[in-house]
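Have the structure open as you read.

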Amino acid sequence: MAGMRFQYDESGSTFFYFLTSFLGLVLLPCTFYFWPDGTKEEERDNCEVFQRKQARLKKPEKWKGLRKTTQRILIIIGWALMAILVYKLQQFDYEYANFDPYDILGVSMSSSLADIKKAYRKQSLIYHPDKPTGDERKFMRLNKAYRALTDEDAKRNFDRYGNPDGPGAMHFGIALPSWIVEKENSLWVLGLYGLVFMIALPTVVAIWWYRSSKFSNDQVLLDTTQLYYYFFHKTPHMVFKRALMVLAASLEFEKGHNPEIVERPTDNIELPQLIKQLPNLGEKNKERPLCFAYSMKARSLLHAHLSRMRLPADTLDQDRLYIVKCCPILIQEMVTCVAQLIMLAHAGRISRLPSLDTIEACMKLSPHIVQALWDSKNPLLQLPHVTEDSLRHFVSKRRPVKTIEQLIALPATERRHVLRSLSEEEFNEVMIVCRRMPKIEMEVNYEVVDDDDSGVFTAGAIVTVTVNLRRHTMGEVYEHSLQEGELTKVEGGQEKEEEPAATTVAKKSGWKPKTQPKKGGKSKAKAQPQKKKQQQQQQQQQQQQHSNKKEEEGQEKSKKHKIGLFLLPFFLFSIAFWIMVNIYSKF
């Protein structure tokens, strides 16, 4: 290969192969990641809470709809270009594989040499490159067909190998069109290279570096992270409201660091009115930046969110939704900062050790902001139509209800009795929300890896703790009790009609039957706990079966996903291999 010369592609077919393979390798992953997955929308509920939430989620964010539309248009254009290139390649392959000199010259197989020369002269006047109607590729093909019928060596090669040039020999070339190195186009090519590699690429890298240098790995401002370190080191023992105050001071809520923050003239009127309604806001605190205007606004909106206060829909409520959306990432960063300070304190790098109450207060921020409740409030207030006044119906000597899980675990009749102050429509909305509430199951396993008896822990042993979390909905876990409630609603009317006539007469007359002395009271008292135990066992069995089904479905989905990811590289490699085989088979 010492004296081998590489030539640029004259006909352009090799360049089309290269362009098709490159475009295919780009389009396939882009289509897989950016094209909508086509998942079906969830069934719509009649609950007003979910309707408001779905309307808010479906509302497109700024530039989000335009970005998705642009991505889809670019993908469609890319696949259209891919189809055009494949069609061009088929035309090249067809012309190469179906080389018929008689068909090209337009003569029959019994034509004489004079007729062949006459047809060649006639078509050469049309396709010669110097003519206005000239076509260099067709003229070369015409010349090749003429040699195959007039030259003895070329004719012999065509009869034996199907090619007037003889057996095809493999040669190497550059899969770029020859016009790139032509002298007339050299200035444009150099200008394009300079524009891409000297201006566009450095600009993109500089913008990316300038933006990424301000943020941590979790896309939190580094200035905010330093702020967290300062306050957690200053206050090693931090209570919940102090942690909430530090969270509201995050620089993501300040317009100078975040251009998405909106400052309105109405804030000067609405915010002072809101601050007057909020007790224990800490507005007299003079610590910087806790006393800044942006921090006071964020703190007021978080207090109003936890107190479930109604805000103006077009102004403060929009700001509240944005602040709540940013909180999960910021709370995670707060927990990370406290954990790192604890490690530094144990290593002797800092003098103050943050207490466990501090990290617990930071962790409590996330569930309370998600639930929109203070830590001292009843979790039942998350449900629609449940107010402070209606909580008294949930407390009874027989069975006090303090959580949503206890409410949904009740029998249907008792559940309706607890919510007797609600109408039928309001009761249905409460049950819809209860079905959607999450139920978390946690399994913790301890073991010593690489030990004969992994369950025995000795001093200095490295213990591996494995935590498995499974998330279900209350409707899935307590499906049996909810179905019983629906059946009792359907059968309730029939039971009332089947009431004996004697009892109805007795009720009208006011007569009460004599109560017989209770016999076997102990046996009845014993029978009731047994029934309760049997019901609890049935519920546990149903929960176990349901969790097993979910695990099997999750395993099947994960297997399918892994198989798809495993086969994708082989699919791309097979496409590239097929294109290269077609390129080399041509030569």
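Glu424 has a relative accessible area of 41%, so it is partly exposed (buried means under 20% relative accessible area, exposed over 50%, and partly exposed in between, with a 1.4 Å probe and protein chains only). Its partner in a salt bridge is Arg416, with the closest N and O atoms 3.6 Å apart. A salt bridge here is a side-chain nitrogen of Lys or Arg within 4 Å of a carboxyl oxygen of Asp or Glu. Arg416 is partly exposed too, because its relative accessibility is 24%.

## About the model

This is a predicted model, in which local features need pLDDT of at least 70 and side-chain atom pairs count only at pLDDT 80 or more, while totals for chains, interfaces and linings use all residues. Residues are numbered from 1 along each chain as its sequence is written, and side-chain values use heavy atoms, with hydrogens and water left out.

## Salt bridges across the chain

How many salt bridges does the rule give? The count is eleven. One of them joins Lys297 to Asp319, whose closest N and O atoms are 3.0 Å apart. Lys297 belongs to helix α12 (residues 293-306) and Asp319 to helix α13, so this pair ties together parts 22 residues apart in sequence. Helices (H or I, at least four residues) and strands (E, at least two) are DSSP runs, numbered from the N terminus.

Are these two partners buried or exposed? Lys297 counts as buried because its relative accessibility is 14%, and Asp319 is buried at 10%. Both take part in a network of salt bridges that also links Arg264 and Asp267.

Another salt bridge brings together the side chains of Lys439 and Glu405, at 2.7 Å from N to O. This pair links distant parts of the chain, 34 residues apart: Lys439 sits in strand β3 (residues 438-448) and Glu405 in helix α15 (residues 404-408). Lys439 has a relative accessible area of 17%, so it is buried, whereas Glu405, with 27%, is partly exposed.

Helix α13 has 31 residues (residues 316-346) and should span 45 Å at 1.5 Å a residue; its end C-alpha atoms are 43 Å apart, which agrees. The expected span is 1.5 Å times one less than the number of residues.

Where does α13 bend? The bend, of about 40°, is at Cys327, and a proline, Pro328, follows within four residues. The bend is the angle between axes fitted to the seven residues ending at a residue and the seven starting there. After α13 comes Gly348, with a positive phi near 85°.
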